[in-house]
Amino acid sequence: MLVCDETEKLFRGLKEEGISVGVDTCGYVSWENISRLAPYIDFFLWDVKHFDAERHKELTGVSNDLILENLRRVDKELDIDLYASDSGHDAFRGKYPGSL
């Protein structure tokens with residue numbers, strides 16, 4: 001999720017016009033970036049490549065720790081709809097399974 005002044009300005013303008021804003025992300029970004037844009041986001045499409053840590057690293061080359069931590073924080077701290085899946089295998093809507 002690229003965050004820059006222009007993105008924030010765009011999202012703010014869309015919200016002011018009553019247009020819903022959705023973000024499709026893997027969540028591999030700093031919490032600062034998420035929280036900066038959160039006031040303008042109506043929903044997230046969260047694409048976790050794999051919930052299993054080892055398999056995720058095999059597929060992407062990076063840990064899924066940051067991704068899952070951000071997913072948990074969005075779920076607990078923000079009032080934003082959340083739709084997530086690991087490439088369509090273990091999809092959930094709203095609250096993520098407690099086993100994550």
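Tyr-83 is partly exposed, with a relative accessible area of 26%. This value, like the others below, comes from a predicted model.

The structure contains 2 aromatic pairs. In one of them, Phe-43 and Tyr-83 have ring centres 6.4 Å apart and planes at 75°, which is over the 60 degrees required, so the pair counts as edge-to-face. This pair connects distant parts of the chain, since Phe-43 lies in strand β2 (residues 43–47) and Tyr-83 in strand β3 (residues 81–85), 40 residues apart. Phe-43 is partly exposed, with a relative accessible area of 26%. The rings of Phe-44 and Trp-46 also form an edge-to-face pair, and here Phe-44 and Trp-46 are both buried. The table sets out the geometry of the pairs.

| Pair | Distance between ring centres | Angle between planes |
|---|---|---|
| Phe-43 and Tyr-83 | 6.4 Å | 75° |
| Phe-44 and Trp-46 | 5.3 Å | 70° |

Elsewhere in the chain, Glu-8 has its place in helix α1 (residues 5–16). Glu-8 is buried, because its relative accessible area of 16% falls under 20%. Leaving aside residues up to four places away in sequence, Glu-8 touches Arg-36, Leu-37 and Tyr-40.

Within α4, the residues Ile-67, Leu-68, Asn-70, Leu-71, Val-74 and Asp-75 are buried. They cover an arc of only 160° around the axis, and therefore lie on the same side of α4. The face of α4 turned away from this buried side carries the exposed residues Asp-65 and Lys-76.

Note on methods: Residues numbered from 1 in each chain as written. Predicted model: local features only at pLDDT ≥ 70, side-chain atom pairs only at ≥ 80, totals over all residues. Heavy atoms only, no water. Helix = DSSP H or I, 4+ residues; strand = E, 2+ residues; numbered from the N terminus. Buried < 20%, exposed > 50% of the residue type's maximum accessible area, 1.4 Å probe, protein only. Contact = heavy atoms within 4.5 Å. Arc of directions from axis to C-beta. Phe/Tyr/Trp six-rings, centres within 6.5 Å; stacked < 30°, edge-to-face > 60°.
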